[in-house]
Amino acid sequence: MEILFETFHVDIRLLIAQAVNFTIVFLVLYFLVFKPLSKVMKDRSTKIEKSLDNAQEIEKKLANTEKEYKKRIIEAEKQANLILTKAINQAEKTKQATVVKAKEEIGQIINQEKDKIRTEKAQTLKEIKQEVVNLVMITVEKVLEKKLDNKEDKELIKKIIKETK
Amino acid sequence: MATITQTEIHHEHALYAEPIFYIKEFPITNSLLNSWLVIFIIVIFGLFFKSRIKTIPRGLQNGIEIIVESLLSLFDSITGSKEKTLKIFPIVFSFFVFILLNNWLGLLPGVGSITHVVLEHGEKVFVPLFRGGTADLNTTLALAGIGVVISHIFGIIFIGFWQHLNKFINFKALIEIPKKVFKEPSILIINPIKFFLGLLEIISEAAKLASLSFRLFGNIFAGEVLLASMSTILAFGLPIPFMFLEIVVGLVQAMVFSMLILTYLTIMTSVEEH
């Protein structure tokens with residue numbers, strides 16, 4: 001063993017020196033390279049994981065919103081259709097009602113007019129009749145005033161006609 | 001071993017790292033200088049990297065992250081648990097970086113060829129100012145020692161002192177004998193064998209130390225010798241393919257060392273199966 005150490009000049013002081021050297025290398029690599037590097041790598045992987053999760057969540061939310069949106073639109077369409085049909089129905093109803101009313105009114109007006117015309121006609125006839133009676137009466141009076149002979153009668157008639165002319 | 005004899009100044013490719021100067025009896029060897037260079041590079045890189053680190057990676061950080069990520073998944077397949085990997089990874093990765101840089105810095109032109117003259121035993125001798133850090137048994141032995149010690153520390157942390165101790169000195173097996181001997185008498189034979197196997201594990205720990213340190217040292221030192229001998233044959237062109245070979249060897253040895261440390265750590269941190 002001693003010969004071995006002698007040949008290779010194994011020296012406990014040098015051994016310790018090299019051990020110290022290696023320790024320095026280890027510490028330098030550990031604190032300057034490995035520790036910060038692993039920290040950075042870990043941070044990054046957690047960040048990536050987080051953002052991936054977030055992305056998934058956002059996608060989910062987006063899909064939900066789209067679904068909601070479609071649902072809403074369909075509902076709105078349905079409602080719009082309902083309102084439209086209602087409006088059309090109502091319009092039809094009012095139209096019919098108006099037409100009926102108009103017809104009724106027109107009928108009424110016509111009837112009224114007819115009545116008016118009828119009463120007016122009756123009145124007129126009455127008046128005419130009255131006039132005719134008066135006329136006849138006057139004529140009769142005139143005739144009765146002068147009871148004359150035929151000759152005179154003829155003259156009288158001519159005179160009356162002349163007067164009435 | 002290549003020996004270049006010049007008029008009066010010798011240069012031997014020594015099996016050991018030579019001291020360049022002394023600070024109060026403490027020898028500062030050429031490979032120690034190289035290791036300090038490695039530390040300097042790593043510190044500069046670390047500071048630079050720390051200042052540039054961002055949540056959104058760019059350029060260098062991207063590259064490092066890719067390497068770290070793929071290594072982490074490789075480690076996961078060996079350790080079998082993410083939590084364990086995160087605890088073990090920094091230490092194994094440090095082994096890898098430190099050894100790799102030491103191996104490769106030993107290949108730089110200038111390392112081994114920039115020399116200064118030292119008087120030794122009355123002779124003038126060329127001593128290279130730099131020498132690959134891992135081409136010195138002191139470095140590799142220190143690294144192997146740290147690896148083995150840390151694997152025991154991790155073992156105690158992860159599975160507890162009692163469990164860990166029983167891997168080597170199997171008290172459990174001995175205690176079990178009087179409890180179960182009437183149910184299954186075969187335990188009388190099996191459990192002493194288990195106890196003996198535990199003792200063998202202690203020897204294997206020493207073997208780990210030797211195999212780790214000598215494998216790394218041998219490969220890197222042999223590479224340097226190979227390059228030196230090739231340059232003595234023909235300094236122009238001939239060493240280039242061997243240079244590439246050594247680059248690969250440096251990478252492979254760094255990987256082998258750290259992977260072995262990783263397996264030791266994994267074995268030590270897992271509970272013994274019955």
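Which residues of H7(B) are buried? In this predicted model, the buried residues of that helix are B:Leu212, B:Ser213, B:Leu216, B:Phe217, B:Asn219, B:Ile220, B:Phe221, B:Gly223, B:Glu224 and B:Leu227. Among the elements covering them are three helices of chain B, namely H3 (82-105), H4 (137-159) and H8 (239-269).

Let me turn to the helix as a whole. H7 of chain B runs over residues 187-233 and has 47 residues. From its first C-alpha to its last it reaches 65 Å, close to the 69 Å expected at 1.5 Å a residue.

Next, the neighbouring pair. The axes of H6(B), residues 171-180, and H7(B) come within 9 Å and cross at roughly 170 degrees. With an angle over 145 degrees counting as roughly antiparallel, H6(B) and H7(B) are therefore roughly antiparallel to each other. H6(B) contributes B:Ala173, B:Leu174, B:Glu176, B:Ile177 and B:Lys180 to the contact, and H7(B) contributes B:Ile187, B:Leu188, B:Asn191, B:Lys194 and B:Phe195. By class, this contact has 6 nonpolar, 1 polar and 3 charged residues.

Finally, the interface between the chains. Here 34 residues of chain B are in contact with 28 residues of chain A. On the chain B side, the elements giving two or more residues are strand S4 (26-29) and the helices H1 (30-52), H2 (60-79), H3 and H4. H1(B) supplies the largest share, 9 residues. The side of chain B that touches chain A divides into 24 nonpolar, 8 polar and 2 charged residues.

Conventions
Residues numbered from 1 in each chain as written. Chains lettered and ligands numbered in written order. Predicted model: local features only at pLDDT ≥ 70, side-chain atom pairs only at ≥ 80, totals over all residues. Helix = DSSP H or I, 4+ residues; strand = E, 2+ residues; numbered from the N terminus. Expected span 1.5 Å × (residues − 1). Buried ≥ 20, exposed ≤ 12 C-beta atoms within 10 Å, placed from the backbone. Contact = placed C-beta atoms within 7 Å. Nonpolar A, V, L, I, M, F, W, Y, C, P; charged D, E, K, R; others polar. Axes fitted to C-alpha atoms, helices over the stretch in contact; angles between N-to-C directions. Parallel < 35°, antiparallel > 145°, perpendicular 65-115°, else oblique.
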